[in-house]
Amino acid sequence: MYMKSSTSGARNMLNSRSNSEDQLPIYPHSELEEKDIFLRESLVIVRNQSRLMKIYLDKGEFKEGLRCASNFLGELKTSYLQPKSYYELYMAIIQELHYLENYLYDQFSNFEQTENLYQLMQRPGNIVPRLYLLITVGLVYIKHDGSLTKSIMMDLVEMCRGVQDPLRGLFLRNYLLTLRSILPDTLPSSDSDDDDEWGNVNDSVDFILNNFTEMNKLWVRMQHAGHSSERSLREKEREELKILVGTNLVRLSQLDSVNTEIYQRTILPRILEQVISCRDAIAQEYLMDCIIQVFPDEFHLQTLDLFLKSCTRLQSEVNVKSILISLINRLAAYHQRNEELRADWVVPIKIHLFDVFSHQIAVIVRVRTEMSLEDRVGLQIALVNFAQNVHPDKIDCVDKAFETTNRLLENFGIYSRQVNEELYKLLWKCVDFYDDILVILMIKNFSKLISKLDFGYREELALHMIKKILKTESIIPTDDQVDVILEMLSPLIRDQNDEPEDGITFEAFSEQQEMVGCLIHQLKSDDLDMQFRILEVAVKHLKFGQTERIKITMPTVVFQLLKLAKKFKKNDENWNEKCQKVIAFCSLTIELIARAELPELALRLYLQAAMVAGEIGFSNYEAVAYDFMTKAFLIYEESISDLKEKVAAITMIISTTESMSFFNEDNAEPLRTNCAIAASKLLKKTDQCRSVLKCASLFWSGKNDNKEIRDEKRTLECLKKATRIASQCLGNVVQAQLYLELLNNYLLYFERGNSLITTSMFNQLITKINEVLPSLDKSEETTALEAHFQRTQARIKQKAGFEVSFSEIKI
């Protein structure tokens, strides 16, 4: 008793401080600290009074025990505590009330003989402790006599109207829900008398719904209490208390006898009526989500239309998108769980569910004009996810959602980065969902949505798609499909208008283009005519790329065309005409490369095309091959200026010309002659010497009509010209290298039977080498030259032992 009086004194001091604006604070505490002190004092009172209650009850002094219970229940009268603190106090008190409940249950027969418990519970003067005690006694009565259930339930739910303070009323009515364990949970029977006394599930539903309605009203009323400057504080407190209101819906869902009919006819309409009529955005958003989460999915399937229609009547501040997405995701997950079990609902729902969602979402978007574009797009994304999970084989459902999304974006015109990001996630997930990229191509509006993305997102999505194609080794078998896929991949194929100036690194760029080159190999069809059309479409897209792109991607197309021409010859009766057509298109493609300022690459491809044309042997192959060689020469003369590139280019031309065996003399002679002239016109003497030396093989190993020409005179002319050029070179090391190369070439053609080569020519070269080598400084290079010369001499000596012609060479 001393503790109670001391805490009451402290309580009075706190109250007097809050009520007196003129006085200085008694304690140097903040308001939060004062409330914490207040809570601790209340908990002390609860512990002391509950201890006394137990002592009195154990002694059989029930009225004294009841007085102690009333004392600690009186602590719940306060409105000073915040919700979290009040909840802590509430839980401490409820724990003690359970002791009282068990005591009353055990001693129930004694009370019936002496005095009615209900009359005893009327003694507390304050309504809050009195109602807590009445609920406790009501629970005991119902446990002993189930026939009183219905009347007690209705009495208690009405009596609780006496507490209209939101905080106290919410917790009181939450305690009222402890009756859930003894609520009637049976369907109505044929005996109406029993139902009137004992009640049935309908009475339990009515009881909980009435309690829910009153609790929601109290909860909403909190929003309008106090000054407008405390709005955020009130919203925070409401957030902490919302679970008390939602508990009513949880209790409804726990009634086993509630079936689809009861839910559809009674429960959902009354809940929605209260949700809509309260006109409070916080309550509406929370309760609509509660409905989705606590009730079974089968109930949602049967009441989907009603629920969705009610969404149009919610306050404008309510985030309808999150509510709908939550419902869509839940039903999609339900479908996935039940599809494995092949439940009965799967087939009919697959037919209608998407259409219901799509129609109602369209209505909601039309009615709620304030809905942002982000939310509208978000709903379509949820629809796509639903369609893919529930209707994975119905591409038209996905396409319908994409069409709606595209129309939304076109109507708004300008949209935020958030919209771009949501759209990007949607398209990315769509690519991931389908194993076959051809399914994506069947979604007609997919490419339209890609075009709505910013460049960065388009590029990332294009990379994701191309990686998916290469990883799965997907084949794109028609020209129309190739046209669509390359348009989707346009950020990787050609420069974009909205592409930022500070682009990616060269390494990343090269990696992208290499992937595009690999993609070309996946654009193929077993139908050769279709394959040609596919490559035409590929060139149509790739030709708009800049030089750095074309350099990597276009050669792949050229080689695919040359490969296709060979296939036509093997597999098509009309191969002659078709091969000419393919080779002609190949020539145009190489011209695109040349115009892109890639002369060396174009030259190589012209030479390759000339060889393939001769290999196939269609009707005018020789003229076509000669034209390719001519274009290669023109590029060499007009477009290549770098010395190293010119040497490499003429070397390739010489090698290609030598390997061609199908030219007649009229075509072969100009090519050989031009090679020799071009070789002699190189700037550096060393390059001239070596290139002219290579030309010697043209006049010996070169072929006319598949026969080696073995022109001794022209071969020797090249050797002599190379010797003269070598003598003009400065530097003993260079001269020694060239003379050794010349000596070995003379030896080669002498062994092959060139009768115009004499031993005196060998002797002259050997003399020059002997003059130059001793003058060289010792180094690894000169040592290698000496070793090379010694091996050549050994070869000559070996040959001299068998052939008289070699014996006159002086070593």
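Leu 453 is buried, with a relative accessible area of 2%. Buried here means under 20% relative accessible area, exposed means over 50%, and partly exposed is in between, using a 1.4 Å probe and protein chains only. This is a predicted model, where local features need pLDDT of at least 70, side-chain atom pairs count only at pLDDT 80 or more, and totals for chains, interfaces and linings use all residues. Residues are numbered from 1 along each chain as its sequence is written, and side-chain values use heavy atoms, with hydrogens and water left out.

Back to Leu 453. It sits in the loop between α23 (446-450) and α24 (455-472). Helices are DSSP runs of H or I with at least four residues, strands are runs of E with at least two, and both are numbered from the N terminus. What does Leu 453 touch, not counting residues up to four places away in sequence? Asn 420, Leu 423, Tyr 424, Leu 427, Arg 458 and Leu 461. Contact means heavy atoms within 4.5 Å.

Next, Thr 792. This residue is in helix α39, residues 780-800. At 3% relative accessibility, Thr 792 counts as buried. Its side chain makes a polar contact of 3.4 Å with the side chain of Asn 744. A polar contact is a pair of N or O atoms within 3.5 Å; within protein, one must be able to donate a hydrogen and the other to accept it, and residues adjacent in sequence count only if both atoms are side-chain atoms. Leaving aside neighbours within four places in sequence, Thr 792 also contacts Leu 743 and Leu 747.

Now two backbone points. Most residues other than glycine have a negative phi. Glu 473 has a positive phi of about 55° and is not a glycine. Glu 473 lies in the loop between α24 and α25 (479-488), and is exposed at 60% relative accessible area. Arg 710 also has a positive phi, near 45°. Arg 710 is in the loop between β2 (707-708) and α36 (712-727). Its relative accessible area is 40%, so Arg 710 is partly exposed.

On to helix packing. Two packed helices are described by the angle between their axes and the distance between the axes. Axes are lines fitted to C-alpha atoms, for helices over the stretch in contact, and angles run from 0 to 180 degrees between N-to-C directions.

Take α13 (residues 260-277) and α14 (residues 281-294). The angle for α13 and α14 is about 165°, with the axes 9 Å apart. The two are therefore roughly antiparallel. Angles under 35 degrees count as roughly parallel, over 145 as roughly antiparallel, 65 to 115 as roughly perpendicular and the rest as oblique. Among the residues that meet are Leu 268 and Ile 271 in α13, and Leu 287 and Met 288 in α14. By class, this contact has nine nonpolar, one polar and no charged residues. Ala, Val, Leu, Ile, Met, Phe, Trp, Tyr, Cys and Pro count as nonpolar, Asp, Glu, Lys and Arg as charged, and the others, Gly among them, as polar.

Helix α14 also packs with α11 (residues 201-221), at about 140° and 10 Å between axes. That makes α11 oblique to α14. The contact of α11 with α14 has seven nonpolar residues, one polar and no charged.

Last pair: α19 (residues 373-390) and α21 (residues 417-433). Their angle is about 10°, with axes 9 Å apart. That makes α19 roughly parallel to α21.
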